Amino acid sequence: MARTPKNLGDFFEASLEKIQNSGCPTSVVDCFAFQKARVIEEAGKMEFENKELPFLPVIPLGFLGLCPAEQMKMIKIAGKKGAVRIPETVRDNGGNSANKFPYFCFGVAVKLSGAMKLLDVQREILNAERKLSCLAEAIAVCILYPDILERNSVAALGSRCATLAPEISAEDGAPVLEYILPEYAYDHCRVVSCASRACYFEF
């Protein structure tokens with residue numbers, strides 16, 4: 001059932017507090033805070049399906065030197081920081097490469113793939129006219145909600161490293177970024193997508 005969430009201001013502040021506590025640079029947090037009024041205004045016009053996040057703050061890969069390895073360190077499980085096992089050259093197929101500054105995704109869903117092959121999940125998302133989330137957006141989900149990694153992994157089907165898709169999971173209780181084969185089904189894997197993206201940051 002579609003709904004318009006209440007207390008968007010509280011949700012915004014809680015999200016920024018989690019990001020700040022993750023070790024994110026204050027200058028990045030300030031970029032998000034600058035956009036608060038516009039983000040809340042935009043989200044207030046939308047309706048969201050059950051369990052969708054109204055919005056998600058995202059740090060573009062490489063912004064202020066925050067490459068995948070640096071952003072993974074912001075994902076913490078019981079004090080253990082995330083690590084990277086894939087090359088830094090991740091290609092973005094998610095259509096958000098124009099966002100060079102911290103931005104927001106709206107209507108964010110984190111869907112369990114179940115018995116479906118990831119390529120079939122990808123096709124289903126695109127047929128619903130939603131956007132596949134890229135690696136930066138999958139990392140953003142895990143920064144805010146690291147508990148998701150206790151039972152599931154999170155795949156970024158909007159990004160590729162060669163023909164493989166990045167996946168964030170927990171190994172020995174610590175977050176890790178590695179590869180996943182999108183041609184296969186993984187009953188433990190969640191796929192992130194969003195309805196739209198926007199950046200309201202101005203100099």
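**Entry 1: aromatic contacts**

I began with Phe12, which is buried at a relative accessible area of 1% (buried means under 20% relative accessible area, exposed over 50%, partly exposed in between, with a 1.4 Å probe and protein chains only). I note that this is a predicted model, in which local features need pLDDT of at least 70 and side-chain atom pairs count only at pLDDT 80 or more, whereas totals for chains, interfaces and linings use all residues. Residues are numbered from 1 along each chain as its sequence is written, and side-chain values use heavy atoms, with hydrogens and water left out.

Helices (H or I, at least four residues) and strands (E, at least two) are DSSP runs, numbered from the N terminus. Phe55 is buried at 1% relative accessibility.

Phe12 and Phe104 have ring centres 5.6 Å apart and planes at 25°, so this pair is stacked. Because Phe12 belongs to helix H1 and Phe104 to strand E6 (residues 103–112), the pair ties together parts 92 residues apart in sequence. Phe104 is buried as well, with a relative accessible area of 1%. I also recorded a cluster in which ring pairs link Phe11, Phe12, Phe32, Phe55 and Phe104.

**Entry 2: cysteines**

I searched for disulfides (pairs of cysteine sulfur atoms within 2.5 Å) and found zero. For Cys134, the nearest cysteine sulfur is that of Cys105, 7.0 Å away. Cys134 counts as buried at 4% relative accessibility. For Cys194, the nearest cysteine sulfur is likewise that of Cys105, at 4.0 Å. Cys194 is buried at 0% relative accessibility.

I looked for cavities and found one of 30 Å³ or more. On a 1 Å grid over the protein atoms alone, a cavity is a set of points where a 1.4 Å probe fits but cannot get out, and lining residues have an atom within 4 Å of a point. The largest cavity holds about 60 Å³ of space. Its lining includes Ile19, Phe32, Gln71 and Met74. Strand E1 (53–58) and helix H6 (135–144) each supply at least two lining residues.

Definitions and conventions. On a 1 Å grid over the protein atoms alone, a cavity is a set of points where a 1.4 Å probe fits but cannot get out, and a pocket is an open set with protein on both sides within 12 Å along at least five of seven lines; lining residues have an atom within 4 Å of a point. Grid points are joined across faces, edges and corners, and a volume is the space filled by probe spheres set on the points. Rings of Phe, Tyr and Trp (its six-membered ring) pair if their centres lie within 6.5 Å; planes under 30 degrees apart count as stacked, over 60 as edge-to-face and the rest as tilted.
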